[in-house]
Amino acid sequence: MAENCSHDCSSCGEDCPSREGGSLKKQPHAMSDIRRVIAVVSGKGGVGKSMTCALLAAAAQAKGNVTAVMDADITGPSIPKMFGVHERARGDEFGIYPCVSEGGVQMMSMNLLLENEDDPVVWRGALISGTVLQFWTDVIWQGVDFMFVDMPPGTGDVPLTLFQSIPLDGIIVVTTPQDLVGMIVSKAINMAQMMNVPILGIVENMSYLTCPDCGRKISVFGESVADAIALEHGIPAVAKVPIDRELTLAADSGKIEEVERNYLADFFDEIAAELAKKAPVASGEKNKEKQD
Ligand code: ADP
């Protein structure tokens with residue numbers, strides 16, 4: 001039972017034995033092998049959630065971990081483009097296979113299933129969450145040490161369903177320094193806390209800009225709020241990513257794995273160290289063996 005059980009299972013993601021109607025968690029594909037699952041969330045769109053997800057995956061892979069990204073942002077899928085992956089995913093009688101980037105990152109995204117990657121996805125919430133859940137249940141993810149889930153922005157129906165259905169080891173919250181965004185991000189944090197998913201860290205994206213002439217840090221969107229939010233909610237790790245043209249260019253040209261300065265490399269180490277203290281949550285058969 002959750003530590004602070006409200007006895008209201010509809011607003012709780014805890015997979016406890018006393019859950020009404022049984023577990024909501026979905027099993028991954030029987031041939032999948034996924035050790036850690038981390039969701040990347042934001043209170044609203046456009047703050048750099050996909051950028052954060054891509055940089056974390058690139059950092060994890062560069063450090064020798066088998067890494068995967070599940071692009072759950074169905075209506076704004078940008079992960080394959082950032083990694084330069086434009087092929088279509090293939091499947092057979094066993095399931096669907098993720099596409100793999102040049103650096104070895106496995107990924108699944110709506111864009112890898114569409115005939116034309118520019119086609120818009122104009123679906124209602126239930127269809128969207130059903131499709132994302134299939135990325136979890138029908139895709140064969142092999143030997144994955146770290147899977148990052150690029151969540152849809154906000155606290156609506158789709159992220160809620162995903163929180164309840166996918167066993168998550170933790171979440172990373174992405175924000176920008178604007179006050180309003182700080183307030184919106186608190187909603188995302190509160191949702192994660194209600195679902196009993198640990199918040200591993202907060203990334204303040206577009207935190208500052210370094211003046212190319214004098215090297216001074218300019219706070220374009222106002223003073224940093226990340227430390228205050230982390231303190232308020234007891235979040236262990238904080239990273240501040242500047243506005244950097246190299247990131248935009250790398251993302252636009254599909255070369256996110258080649259960025260010279262991956263600002264989230266140390267942050268990833270902090271997250272991995274924090275996770276190493278806890279047993280994995282994902283419940284595939286192979287994971288059970290690993291835990292035993
Ligand atoms: P979200 O997933 O939150 O909607 P994205 O990650 O897609 O946001 O980022 C929105 C746009 O801003 C993209 O074009 C991305 O390349 C760019 N961007 C994100 N973070 C940075 C950054 N730190 N520096 C420069 N450009 C960035």
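1. Which backbone atom lies 3.1 Å from an oxygen atom of the ligand? A backbone N or O atom of Val47 does, a polar contact being a pair of N or O atoms within 3.5 Å; within protein, one must be able to donate a hydrogen and the other to accept it, and residues adjacent in sequence count only if both atoms are side-chain atoms.

2. The model is predicted, so that local features need pLDDT of at least 70 and side-chain atom pairs count only at pLDDT 80 or more, while totals for chains, interfaces and linings use all residues. Residues are numbered from 1 along each chain as its sequence is written, and side-chain values use heavy atoms, with hydrogens and water left out.

3. For Lys49, a backbone N or O atom is 2.8 Å from an oxygen atom of the ligand; for Pro242, a backbone N or O atom is 2.8 Å from a nitrogen atom of the ligand. The ligand is surrounded by 16 residues (a heavy atom within 4 Å). Gly46, Lys49, Met51, Asn205 and Pro242 are the closest. By class, this shell has eight nonpolar, six polar and two charged residues; Ala, Val, Leu, Ile, Met, Phe, Trp, Tyr, Cys and Pro count as nonpolar, Asp, Glu, Lys and Arg as charged, and the others, Gly among them, as polar.

4. Eight strands make up an open sheet with mixed pairing, in the order β5-β6-β2-β7-β1-β8-β9-β12; two strands pair if DSSP finds at least two bridges between them. The edge strands, β5 (99-100) and β12 (237-240), each pair on one side only.

5. Within the sheet, β2 (residues 67-71) and β6 (residues 106-108) run parallel and are joined by three bridges. Val69 stands opposite Met107 in β6.

6. Lys25 belongs to the segment before β1 (34-42). The side chain of Lys25 reaches the backbone oxygen of Phe163 at 3.3 Å, and a polar atom of that side chain lies 3.2 Å from the backbone oxygen of Gln164.

Notes:
Helix = DSSP H or I, 4+ residues; strand = E, 2+ residues; numbered from the N terminus.
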